[in-house]
Amino acid sequence: MSNIDNYSFTVAEEFAIPQAPANFKSGFIGIIGRPNVGKSTLMNQLIGQKIAITSPVAQTTRNRLRGILTTEKAQLIFVDTPGIHKPHHQLGEVLVQNAKIAIESVDVVLFVVDGTAVCGGGDRFIAELLSRSEIPVILGINKIDQQPADSEKIDNSYIELARENEWQILKFSAVNGEGLLELQDLLIAHLEPGPFYYPPDLVTDQPERFIMGELIREQILLLTREEVPHSVAIAIDLVEETPTITRVMATIHVERDSQKGILIGKGGTMLKSIGSAAREQIQKLIAGKVYLELFVKVQPKWRHSRVRLAELGYRVEE
(Lines give C-alpha, C1' and ligand atoms only; values in the text may rest on other atoms or scores of the structure.)
Protein backbone atom coordinates (compact mmCIF):
# COMPACT_ATOMS: atom_id res chain seq x y z
CA MET A 1 0.00 0.00 0.00
CA SER A 2 1.38 3.42 -0.91
CA ASN A 3 0.52 7.06 -1.56
CA ILE A 4 -1.55 7.08 1.63
CA ASP A 5 -2.85 10.65 1.34
CA ASN A 6 -4.61 9.87 -1.92
CA TYR A 7 -5.29 6.21 -1.20
CA SER A 8 -8.73 4.79 -1.95
CA PHE A 9 -9.62 1.14 -1.90
CA THR A 10 -12.47 1.69 -4.32
CA VAL A 11 -10.63 3.35 -7.18
CA ALA A 12 -10.76 1.02 -10.19
CA GLU A 13 -7.48 2.37 -11.61
CA GLU A 14 -5.62 1.33 -8.47
CA PHE A 15 -6.91 -2.24 -8.29
CA ALA A 16 -8.31 -4.37 -11.10
CA ILE A 17 -11.54 -6.17 -10.27
CA PRO A 18 -11.82 -9.38 -12.32
CA GLN A 19 -14.93 -10.96 -13.77
CA ALA A 20 -16.47 -13.43 -11.33
CA PRO A 21 -16.62 -17.08 -12.48
CA ALA A 22 -19.89 -18.94 -13.00
CA ASN A 23 -21.80 -19.76 -9.78
CA PHE A 24 -19.65 -17.32 -7.78
CA LYS A 25 -21.38 -15.85 -4.72
CA SER A 26 -20.84 -12.56 -2.91
CA GLY A 27 -22.47 -10.43 -0.26
CA PHE A 28 -22.23 -8.41 2.93
CA ILE A 29 -22.36 -10.02 6.38
CA GLY A 30 -23.08 -7.92 9.47
CA ILE A 31 -21.36 -9.09 12.65
CA ILE A 32 -23.71 -8.01 15.44
CA GLY A 33 -23.60 -8.58 19.20
CA ARG A 34 -23.08 -7.14 22.65
CA PRO A 35 -19.76 -5.44 23.48
CA ASN A 36 -16.79 -7.74 24.06
CA VAL A 37 -18.27 -10.97 22.67
CA GLY A 38 -15.34 -11.33 20.24
CA LYS A 39 -16.67 -9.77 17.03
CA SER A 40 -13.41 -8.08 16.02
CA THR A 41 -11.32 -11.15 16.89
CA LEU A 42 -13.69 -13.24 14.79
CA MET A 43 -13.37 -10.99 11.75
CA ASN A 44 -9.58 -10.92 12.01
CA GLN A 45 -9.53 -14.72 12.20
CA LEU A 46 -11.90 -15.17 9.26
CA ILE A 47 -9.95 -12.95 6.88
CA GLY A 48 -6.58 -14.16 8.16
CA GLN A 49 -5.14 -10.74 9.00
CA LYS A 50 -5.47 -8.18 11.76
CA ILE A 51 -7.49 -5.17 10.64
CA ALA A 52 -9.80 -4.72 13.65
CA ILE A 53 -8.42 -3.88 17.08
CA THR A 54 -9.16 -6.12 20.04
CA SER A 55 -9.09 -5.36 23.75
CA PRO A 56 -10.26 -6.77 27.09
CA VAL A 57 -12.15 -3.47 27.47
CA ALA A 58 -15.75 -3.58 26.24
CA GLN A 59 -17.07 -1.34 23.43
CA THR A 60 -13.75 -1.25 21.57
CA THR A 61 -15.14 -1.00 18.02
CA ARG A 62 -16.33 2.46 16.98
CA ASN A 63 -16.57 2.50 13.19
CA ARG A 64 -18.18 0.03 10.83
CA LEU A 65 -15.07 -1.73 9.56
CA ARG A 66 -15.27 -3.97 6.51
CA GLY A 67 -13.11 -7.09 6.28
CA ILE A 68 -12.97 -8.94 2.96
CA LEU A 69 -12.57 -12.70 2.57
CA THR A 70 -12.28 -14.01 -0.99
CA THR A 71 -12.32 -17.76 -1.70
CA GLU A 72 -12.64 -19.74 -4.93
CA LYS A 73 -16.40 -19.89 -4.40
CA ALA A 74 -17.32 -16.53 -2.90
CA GLN A 75 -16.39 -13.07 -1.67
CA LEU A 76 -17.63 -12.35 1.84
CA ILE A 77 -17.55 -8.76 3.05
CA PHE A 78 -17.78 -8.71 6.85
CA VAL A 79 -19.07 -5.56 8.53
CA ASP A 80 -17.77 -5.38 12.12
CA THR A 81 -20.11 -3.14 14.12
CA PRO A 82 -19.90 -1.45 17.53
CA GLY A 83 -21.34 -3.54 20.33
CA ILE A 84 -25.01 -2.75 20.89
CA HIS A 85 -25.48 -1.33 24.39
CA LYS A 86 -27.34 1.38 26.27
CA PRO A 87 -25.61 4.64 25.23
CA HIS A 88 -24.44 7.11 27.90
CA HIS A 89 -23.25 9.98 25.68
CA GLN A 90 -23.49 11.32 22.13
CA LEU A 91 -20.68 9.05 20.90
CA GLY A 92 -22.51 6.01 22.29
CA GLU A 93 -25.71 7.04 20.55
CA VAL A 94 -23.89 7.42 17.22
CA LEU A 95 -22.23 4.01 17.58
CA VAL A 96 -25.42 2.16 18.47
CA GLN A 97 -27.33 3.90 15.68
CA ASN A 98 -24.65 2.85 13.20
CA ALA A 99 -24.90 -0.76 14.39
CA LYS A 100 -28.67 -0.69 13.90
CA ILE A 101 -28.26 0.76 10.40
CA ALA A 102 -25.86 -2.07 9.57
CA ILE A 103 -28.57 -4.63 10.29
CA GLU A 104 -30.61 -3.34 7.35
CA SER A 105 -27.70 -2.87 4.95
CA VAL A 106 -26.33 -6.43 4.75
CA ASP A 107 -27.35 -9.71 3.17
CA VAL A 108 -26.85 -11.90 6.25
CA VAL A 109 -26.53 -11.11 9.96
CA LEU A 110 -24.13 -13.10 12.13
CA PHE A 111 -25.38 -12.56 15.69
CA VAL A 112 -22.41 -13.37 17.95
CA VAL A 113 -22.96 -14.32 21.61
CA ASP A 114 -20.62 -15.21 24.47
CA GLY A 115 -20.54 -18.97 24.98
CA THR A 116 -19.18 -18.62 28.53
CA ALA A 117 -22.36 -17.02 29.91
CA VAL A 118 -26.08 -17.78 29.63
CA CYS A 119 -28.27 -15.67 27.36
CA GLY A 120 -28.96 -12.33 29.07
CA GLY A 121 -31.05 -9.21 28.68
CA GLY A 122 -28.58 -7.61 26.30
CA ASP A 123 -28.75 -10.61 23.97
CA ARG A 124 -32.54 -10.60 24.05
CA PHE A 125 -32.61 -6.88 23.29
CA ILE A 126 -30.54 -7.49 20.15
CA ALA A 127 -32.67 -10.52 19.27
CA GLU A 128 -35.75 -8.30 19.44
CA LEU A 129 -34.13 -5.82 17.02
CA LEU A 130 -33.19 -8.61 14.63
CA SER A 131 -36.63 -10.21 14.79
CA ARG A 132 -38.08 -7.06 13.19
CA SER A 133 -35.84 -7.47 10.15
CA GLU A 134 -36.29 -9.83 7.22
CA ILE A 135 -32.51 -10.31 6.87
CA PRO A 136 -31.43 -13.96 7.47
CA VAL A 137 -29.77 -14.43 10.86
CA ILE A 138 -27.22 -17.00 12.04
CA LEU A 139 -26.69 -17.21 15.80
CA GLY A 140 -23.02 -17.87 16.51
CA ILE A 141 -21.93 -19.08 19.95
CA ASN A 142 -18.35 -17.84 20.35
CA LYS A 143 -15.65 -18.62 22.95
CA ILE A 144 -16.30 -22.38 23.04
CA ASP A 145 -12.60 -22.79 23.87
CA GLN A 146 -13.39 -21.11 27.21
CA GLN A 147 -16.63 -22.92 28.01
CA PRO A 148 -16.92 -24.84 31.29
CA ALA A 149 -17.02 -28.63 31.14
CA ASP A 150 -20.77 -28.54 31.78
CA SER A 151 -21.98 -25.97 29.26
CA GLU A 152 -25.40 -27.50 28.63
CA LYS A 153 -27.29 -24.75 30.48
CA ILE A 154 -25.44 -22.04 28.53
CA ASP A 155 -25.93 -23.74 25.17
CA ASN A 156 -29.61 -24.44 25.83
CA SER A 157 -30.31 -20.78 26.61
CA TYR A 158 -29.08 -19.83 23.12
CA ILE A 159 -30.66 -22.84 21.42
CA GLU A 160 -34.00 -21.70 22.83
CA LEU A 161 -33.39 -18.14 21.57
CA ALA A 162 -32.58 -19.48 18.09
CA ARG A 163 -35.62 -21.75 18.12
CA GLU A 164 -37.92 -18.87 19.07
CA ASN A 165 -36.75 -16.91 16.02
CA GLU A 166 -36.19 -19.86 13.65
CA TRP A 167 -32.49 -19.05 13.30
CA GLN A 168 -29.69 -21.44 12.44
CA ILE A 169 -27.11 -21.83 15.21
CA LEU A 170 -23.43 -22.75 15.23
CA LYS A 171 -20.67 -22.95 17.84
CA PHE A 172 -17.10 -21.79 17.22
CA SER A 173 -13.98 -20.21 18.68
CA ALA A 174 -12.66 -16.96 17.21
CA VAL A 175 -9.39 -17.54 19.08
CA ASN A 176 -8.34 -21.03 17.91
CA GLY A 177 -10.45 -21.22 14.75
CA GLU A 178 -12.53 -24.24 15.75
CA GLY A 179 -15.78 -24.33 13.78
CA LEU A 180 -14.89 -21.39 11.51
CA LEU A 181 -14.74 -23.43 8.29
CA GLU A 182 -18.26 -24.67 9.01
CA LEU A 183 -19.31 -21.09 9.75
CA GLN A 184 -17.78 -19.88 6.49
CA ASP A 185 -19.66 -22.57 4.51
CA LEU A 186 -22.93 -21.71 6.25
CA LEU A 187 -22.53 -18.01 5.47
CA ILE A 188 -21.75 -18.71 1.81
CA ALA A 189 -24.86 -20.88 1.59
CA HIS A 190 -26.95 -17.82 2.51
CA LEU A 191 -25.42 -15.60 -0.19
CA GLU A 192 -26.78 -15.07 -3.69
CA PRO A 193 -24.74 -15.32 -6.91
CA GLY A 194 -22.86 -12.06 -7.38
CA PRO A 195 -19.73 -10.27 -8.63
CA PHE A 196 -16.44 -9.37 -7.04
CA TYR A 197 -17.19 -6.19 -5.09
CA TYR A 198 -13.48 -5.72 -4.34
CA PRO A 199 -10.20 -7.00 -5.81
CA PRO A 200 -9.58 -10.59 -4.59
CA ASP A 201 -6.36 -9.72 -2.73
CA LEU A 202 -7.89 -6.88 -0.70
CA VAL A 203 -8.67 -7.55 2.99
CA THR A 204 -10.30 -4.24 3.97
CA ASP A 205 -11.84 -1.17 2.37
CA GLN A 206 -10.45 1.17 5.01
CA PRO A 207 -7.44 3.43 4.25
CA GLU A 208 -4.17 2.85 6.04
CA ARG A 209 -4.54 6.08 8.05
CA PHE A 210 -7.68 4.72 9.70
CA ILE A 211 -6.01 1.39 10.56
CA MET A 212 -2.96 3.22 11.95
CA GLY A 213 -5.17 5.28 14.26
CA GLU A 214 -6.96 2.16 15.44
CA LEU A 215 -3.68 0.37 16.18
CA ILE A 216 -2.56 3.31 18.33
CA ARG A 217 -5.91 3.35 20.16
CA GLU A 218 -5.65 -0.40 20.77
CA GLN A 219 -2.36 0.01 22.63
CA ILE A 220 -3.86 2.78 24.77
CA LEU A 221 -6.72 0.46 25.74
CA LEU A 222 -4.35 -2.41 26.48
CA LEU A 223 -1.83 -0.37 28.50
CA THR A 224 -4.14 1.96 30.45
CA ARG A 225 -7.20 -0.33 30.80
CA GLU A 226 -9.89 1.37 32.90
CA GLU A 227 -7.83 4.48 33.64
CA VAL A 228 -8.48 6.05 30.23
CA PRO A 229 -11.19 3.78 28.85
CA HIS A 230 -13.13 5.36 26.00
CA SER A 231 -12.26 9.05 26.28
CA VAL A 232 -9.64 8.66 23.55
CA ALA A 233 -9.74 9.54 19.83
CA ILE A 234 -6.79 9.42 17.44
CA ALA A 235 -6.11 11.87 14.62
CA ILE A 236 -3.38 10.96 12.12
CA ASP A 237 -1.80 14.35 11.34
CA LEU A 238 0.91 13.32 8.91
CA VAL A 239 2.08 10.27 6.98
CA GLU A 240 5.30 10.90 5.09
CA GLU A 241 6.92 8.11 3.09
CA THR A 242 10.53 7.76 1.95
CA PRO A 243 12.23 4.74 0.34
CA THR A 244 13.60 3.67 3.74
CA ILE A 245 11.04 4.71 6.38
CA THR A 246 7.49 5.96 6.91
CA ARG A 247 7.10 8.88 9.31
CA VAL A 248 3.77 9.07 11.15
CA MET A 249 2.61 11.91 13.41
CA ALA A 250 -0.57 11.43 15.43
CA THR A 251 -2.50 13.32 18.11
CA ILE A 252 -4.26 11.51 20.95
CA HIS A 253 -7.35 13.46 22.02
CA VAL A 254 -8.63 13.04 25.60
CA GLU A 255 -11.26 14.84 27.67
CA ARG A 256 -9.41 15.76 30.87
CA ASP A 257 -5.98 16.93 32.01
CA SER A 258 -5.76 13.95 34.36
CA GLN A 259 -6.14 11.59 31.40
CA LYS A 260 -3.39 13.44 29.57
CA GLY A 261 -1.16 12.93 32.59
CA ILE A 262 -1.88 9.20 32.65
CA LEU A 263 -1.14 8.82 28.93
CA ILE A 264 2.16 10.70 29.15
CA GLY A 265 3.21 9.00 32.38
CA LYS A 266 6.13 9.82 34.65
CA GLY A 267 8.94 11.16 32.50
CA GLY A 268 6.95 10.28 29.39
CA THR A 269 7.28 6.54 30.03
CA MET A 270 3.66 5.61 29.25
CA LEU A 271 3.60 7.54 25.97
CA LYS A 272 6.87 5.87 24.97
CA SER A 273 5.40 2.43 25.74
CA ILE A 274 2.26 3.19 23.73
CA GLY A 275 4.31 4.52 20.83
CA SER A 276 6.71 1.58 20.80
CA ALA A 277 3.95 -1.04 20.84
CA ALA A 278 1.87 0.81 18.23
CA ARG A 279 4.90 1.28 15.99
CA GLU A 280 5.49 -2.49 15.93
CA GLN A 281 1.89 -3.08 14.85
CA ILE A 282 2.00 -0.37 12.17
CA GLN A 283 5.23 -1.83 10.78
CA LYS A 284 3.41 -5.14 10.26
CA LEU A 285 0.60 -3.26 8.50
CA ILE A 286 2.82 -1.49 5.96
CA ALA A 287 5.63 -4.09 5.90
CA GLY A 288 8.33 -1.49 6.46
CA LYS A 289 10.12 0.65 9.04
CA VAL A 290 8.10 3.31 10.86
CA TYR A 291 8.97 6.39 12.88
CA LEU A 292 5.97 7.24 15.08
CA GLU A 293 5.60 10.52 16.96
CA LEU A 294 2.66 10.95 19.36
CA PHE A 295 1.14 14.07 20.92
CA VAL A 296 -1.62 14.35 23.54
CA LYS A 297 -4.28 17.07 23.43
CA VAL A 298 -7.18 17.79 25.78
CA GLN A 299 -10.58 18.25 24.08
CA PRO A 300 -13.13 18.66 26.92
CA LYS A 301 -16.30 16.55 26.49
CA TRP A 302 -15.56 15.69 22.86
CA ARG A 303 -17.77 12.57 23.09
CA HIS A 304 -20.80 14.76 23.86
CA SER A 305 -20.33 17.17 20.93
CA ARG A 306 -21.59 16.32 17.44
CA VAL A 307 -19.17 18.89 15.99
CA ARG A 308 -16.17 17.36 17.75
CA LEU A 309 -17.34 13.84 16.84
CA ALA A 310 -17.57 14.82 13.17
CA GLU A 311 -14.09 16.40 13.28
CA LEU A 312 -12.69 13.14 14.66
CA GLY A 313 -14.48 11.01 12.08
CA TYR A 314 -17.55 9.79 13.97
CA ARG A 315 -20.81 10.28 12.07
CA VAL A 316 -24.09 8.47 11.80
CA GLU A 317 -23.65 6.39 8.64
CA GLU A 318 -26.12 6.38 5.81
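Helices (H or I, at least four residues) and strands (E, at least two) are DSSP runs, numbered from the N terminus. Counted in this way, the protein has nine helices and ten strands. The model is a predicted one. Of its 318 residues, 53% count as buried. Among the contacts with a separation of 6 or more, 73% are between residues 24 or more positions apart.

**Helix α1 and the residue after it**

- Helix α1 covers residues 39-47 and is mostly covered, with seven of its nine residues buried.
- The buried residues of α1 are K39, S40, L42, M43, N44, L46 and I47.
- An α-helix has 3.6 residues a turn, so residues three or four places apart point the same way.
- The residue that follows α1 is G48, and its phi is positive, near 80 degrees.

**Helices α3 and α4**

- Helix α3 spans residues 121-131 and helix α4 spans residues 152-165; they pack at an angle of about 15 degrees, and their axes are 11 Å apart.
- Angles under 35 degrees count as roughly parallel, so α3 is roughly parallel to α4.
- The crossing in which α3 passes α4 is right-handed.
- On the α3 side, the residues that meet α4 are D123, R124, A127 and S131.
- On the α4 side, the partners are Y158, L161, E164 and N165.
- By class, this contact of α3 with α4 consists of three nonpolar, two polar and three charged residues.

**Helices α7 and α8**

- Helix α7 (residues 257-264) packs against helix α8 (residues 269-286) at an angle of about 65 degrees, and the two axes are 5 Å apart.
- Angles of 65 to 115 degrees count as roughly perpendicular, so α7 is roughly perpendicular to α8.
- From α7, the contact is made by I262, L263 and I264.
- From α8, it is made by T269, M270, L271 and I274.
- The contact of α7 with α8 has six nonpolar residues, one polar residue and no charged residues.

**Buried residue in a strand: V113**

- V113 belongs to strand β4, which runs over residues 108-114.
- The relative accessible area of V113 is 0%, and a residue counts as buried under 20%, so V113 is buried.
- Leaving aside neighbours within four places in sequence, V113 is in contact with V37, D123, L139, G140, I141, N142 and Y158.
- Two of these partners of V113, D123 and Y158, also take part in the contact between α3 and α4, D123 from α3 and Y158 from α4.
- V113 and I32 are 81 residues apart along the chain, and their C-alpha atoms are separated by 8.9 Å.

- Q147 is found in the loop between β5 (137-142) and α4.
- Q147 is buried, as its relative accessible area is 16%.
- The side chains of Q147 and D155 are joined by a polar contact of 3.0 Å.
- Not counting residues up to four places away in sequence, Q147 touches G115, T116, I141, I154, D155 and K171.
- I141, one of the residues touched by Q147, is also a contact of V113.
- T204 lies in the loop between β7 (192-193) and α6 (208-224).
- T204 has 4% relative accessibility and therefore counts as buried.
- The C-alpha atom of T204 is separated by 9.7 Å from that of A52, and these two residues are 152 residues apart along the chain.

- N23 has a phi near 70 degrees, a positive value in a residue other than glycine.
- N23 is in the segment before β1 (25-33).
- With 74% relative accessibility and a cut-off of over 50% for exposed residues, N23 counts as exposed.
- E166 is not a glycine either, and its phi is positive, about 60 degrees.
- The loop between α4 and β6 (168-171) holds E166.
- E166 has 77% relative accessibility and so counts as exposed.

Terms used: Residues are numbered from 1 along each chain as its sequence is written. Side-chain values use heavy atoms; hydrogens and water are left out. Axes are lines fitted to C-alpha atoms, for helices over the stretch in contact, and angles run from 0 to 180 degrees between N-to-C directions. Angles under 35 degrees count as roughly parallel, over 145 as roughly antiparallel, 65 to 115 as roughly perpendicular and the rest as oblique. A crossing is left-handed if the near helix is turned anticlockwise from the far one by less than a right angle, and right-handed if clockwise. Contact means heavy atoms within 4.5 Å. Ala, Val, Leu, Ile, Met, Phe, Trp, Tyr, Cys and Pro count as nonpolar, Asp, Glu, Lys and Arg as charged, and the others, Gly among them, as polar. Buried means under 20% relative accessible area, exposed over 50%, partly exposed in between (1.4 Å probe, protein chains only). A polar contact is a pair of N or O atoms within 3.5 Å; within protein, one must be able to donate a hydrogen and the other to accept it, and residues adjacent in sequence count only if both atoms are side-chain atoms.
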